[in-house]
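Keep your viewer open and try each task before reading on.

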Amino acid sequence: MAFAKNSMLFFMVMALFGVCFGTVYKVGDSNGWTDKGSVSYKGWASTKTFVVGDTIVFEYNAKEQNVVQVKTLTEFNGCNSKAPLSAYNSGNDAVELKKAGHFFYICGLPGHCEAGQKVDIRVLEPSQAPSPSHSSPSPSPAPSSNHSHRNESSAPVPSPSAKAPTSPNKSSAPSVKSSSGLFMLVVMGVLAYFA
């Protein structure tokens, strides 16, 4: 009986911690973040549904690339990295998506952004996201969070009526899109455990 109670408590605690994780996306999938080749970051982003709590990972050669978050669509389209919100240069940078809106990332090195090394990440509230797809996930390595500075900011939040595409290439990181029901289940389980 004690083993059953301890097992139940363990699984309830694990479920509770599960609500803290989002999906991890490697920008560019197997190509990573590069100005070499024919990677369409616009095409890559259009196949994903990013929600608050997800993480995007930029993997690149730190001697040849960097990642710069710019504030506006005008800066993004003009490849203007003169006043970045954030700058990353470790070669393996993780950016947690903390709020809904558009987040604009470019390579700040001359010619790279102009060659297409830029991505517009549209982030939805979990309630705006379509139901999760049932495709098989692909693993992503553990990223670092080294960067020169970070100040989360975004452009206006997208309209709730806008429909986002499904996300077939998710990583194996835990993902919970609705936590209120799970939270209530855990609370009821804990109460039953101590009753």
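**Exercise 1.** How far is the sulfur of Cys107 from the closest cysteine sulfur, and in which residue does that sulfur sit?

*Solution.* A word on the ground rules: this is a predicted model, where local features need pLDDT of at least 70, side-chain atom pairs count only at pLDDT 80 or more, and totals for chains, interfaces and linings use all residues. Residues are numbered from 1 along each chain as its sequence is written, and side-chain values use heavy atoms, with hydrogens and water left out.

Step 1: the closest cysteine sulfur to that of Cys107 belongs to Cys113, 8.1 Å away, which is too far for a bond. The cut-off for a disulfide is a pair of cysteine sulfur atoms within 2.5 Å.
Step 2: check the surroundings. Cys107 has a relative accessible area of 2%, so it is buried (buried is under 20% relative accessible area, exposed over 50%, partly exposed in between, with a 1.4 Å probe and protein chains only).

**Exercise 2.** Find the disulfide and say which parts of the chain it ties together.

*Solution.* Step 1: there is one disulfide in the structure, and it links Cys79 with Cys113 at an S to S distance of 2.1 Å.
Step 1: Cys79 sits in the loop between α3 (73-77) and β5 (86-88), and Cys113 in the loop between β7 (101-106) and β8 (118-124), so the bond connects parts that are 34 residues apart in sequence. Helices (H or I, at least four residues) and strands (E, at least two) are DSSP runs, numbered from the N terminus.
Step 2: look at the geometry. The angle about the S-S bond is -75°, and the link is left-handed.
Step 3: look at burial. Cys79 is buried at 15% relative accessible area, and Cys113 is buried at 2%.

**Exercise 3.** Which residues other than glycine have a positive phi?

*Solution.* Step 1: recall the background. Most residues other than glycine have a negative phi.
Step 1: Asp29 has a positive phi of about 50°; this residue lies in the loop between β1 and α2 and is partly exposed, at 25% relative accessibility.
Step 2: Cys79, from the disulfide in Exercise 2, has a positive phi of about 55°.

**Exercise 4.** Classify the ring pairs that Phe50 makes with Tyr25 and Trp44.

*Solution.* Step 1: set the cut-offs. Rings of Phe, Tyr and Trp (its six-membered ring) pair if their centres lie within 6.5 Å; planes under 30 degrees apart are stacked, over 60 edge-to-face and the rest tilted.
Step 1: for Tyr25 and Phe50, the centres are 4.8 Å apart and the planes at 70°, so this pair is edge-to-face. Tyr25 is in strand β1 (residues 24-26) and Phe50 in strand β2 (residues 50-51), so the pair ties together parts 25 residues apart in sequence.
Step 2: for Trp44 and Phe50, the centres are 5.7 Å apart and the planes at 45°, so this pair is tilted.
Step 3: Tyr25 and Phe50 are both buried, and Trp44 is buried too.

**Exercise 5.** What is the mean pLDDT of the protein chain?

*Solution.* Step 1: pLDDT is the predictor's confidence in each residue, from 0 to 100. The chain mean is 73, with 56% of residues reaching 70 or more.
Step 1: apply the caution. Where pLDDT is low, the predicted coordinates should not be read in detail.
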